[in-house]
Amino acid sequence: MTLLAGKKGLIVGIANRDSIAWACARAMHAAGAEIGATWQNDKARAHVEPLLDEIGAELRMPLDVGDDEQMRALFDAAAVRWGRLDFVLHAVAYAPRKDLQGRVVDSSREGFALAMDISCHSFIRMAHLAEPLMAASGGSLMTLSYLGASEVMPHYGIMGPVKAALESTTRYLAAELGPSRIRVNAVSPGPIATRAASGIAAFDELVADSVRRSPIAGELQPDDVGPLCAFLASDGARAITGCTLYVDGGHHILN
């Protein structure tokens, strides 16, 4: 209950009760943090606001990560309310369905660029805005990746190269922000049934393969991820940066 006592942080990417981001928000709130969170649009707001009520999140705003004004408004609101930030969780990814479900070699220029902007560069933009709010005492920036960043996973399409860029970005940000004691890490869950995952063709096959072959057997749940993100936001992780940490029952050690 005291792991994150007094900590203030933003969580971007809650879509509904099944979101990994929501599991992280609950874990961080349970550990004592004060949470600010966002919804993507009016349609999502109806699903997200009741969840924010459950954790008493008073800083709540719309955020389309492609909208620079909304992004700045969020971090300005955090500065006004808290005067600082201790952690940010970036849990946002998108690719047009045609490009996601097709071959990488057939992907469109526009689709690839959009996927990279929403899924990767938005993390850079958040880091840029978070840096001055973390400069005094350090902080933790986290993003969500997947094994498809380093291994060719069936049906993962252009998100494989995009997540590879995100993990590389994590390392570069860690190197640049480390002197300010700002830690930057990627968390890589195994296949978990979320709304975002529903766009991946034959996703059930990825889940079944993970359950069948992982050293720690069993279907993964969002709540398997929340405690790790809560730890990464804590002072206990003060010397951990530039890492991709897997939450997949050990599936990543297999070939």
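Analyst: We take the ground rules, then helix pairs, then a pocket and a cavity.

Analyst: This is a predicted model: local features need pLDDT of at least 70, side-chain atom pairs count only at pLDDT 80 or more, and totals for chains, interfaces and linings use all residues. Residues are numbered from 1 along each chain as its sequence is written, and side-chain values use heavy atoms, leaving out hydrogens and water.

User: At what angle do H3 and H5 pack?

Analyst: Helices (H or I, at least four residues) and strands (E, at least two) are DSSP runs, numbered from the N terminus. Axes are lines fitted to C-alpha atoms, for helices over the stretch in contact, and angles run from 0 to 180 degrees between N-to-C directions. Helix H3 (residues 68-82) and helix H5 (residues 109-134) pack at about 30°, with axes 10 Å apart. Angles under 35 degrees count as roughly parallel. H3 and H5 are therefore roughly parallel to each other.

User: Which residues of H3 and H5 meet?

Analyst: Contact means heavy atoms within 4.5 Å. In H3, Met71, Arg72 and Phe75 are among the residues that meet H5, whose side includes Arg125, Met126 and Leu129. By class, this contact of H3 with H5 has 8 nonpolar, 1 polar and 3 charged residues. Ala, Val, Leu, Ile, Met, Phe, Trp, Tyr, Cys and Pro count as nonpolar; Asp, Glu, Lys and Arg as charged; the others, Gly among them, as polar.

User: How far apart are the axes of H5 and H6?

Analyst: The axes of H5 and helix H6 (residues 159-177) are 9 Å apart, at an angle of about 15°. That makes H5 roughly parallel to H6. The contact of H5 with H6 divides into 14 nonpolar, 3 polar and 1 charged residues.

User: What lines the second largest pocket?

Analyst: On a 1 Å grid over the protein atoms alone, a pocket is an open set of points with protein on both sides within 12 Å along at least five of seven lines; in a cavity, a 1.4 Å probe fits but cannot get out; lining residues have an atom within 4 Å of a point. Here 16 residues line the pocket, with Ser137, Gly138, Gly139, Arg181 and Arg183 nearest its centre. Strands E5 (139-144) and E6 (182-189) each give two or more residues to this lining. The lining has 4 nonpolar, 6 polar and 6 charged residues.

User: How many cavities of 30 Å³ or more are there?

Analyst: The search of the whole structure finds 1. Its lining includes Tyr146, Pro189 and His251. That lining divides into 5 nonpolar, 3 polar and 1 charged residues.

Definitions and conventions. Points joined across faces, edges and corners; volume = space filled by probe spheres on them. Parallel < 35°, antiparallel > 145°, perpendicular 65-115°, else oblique.
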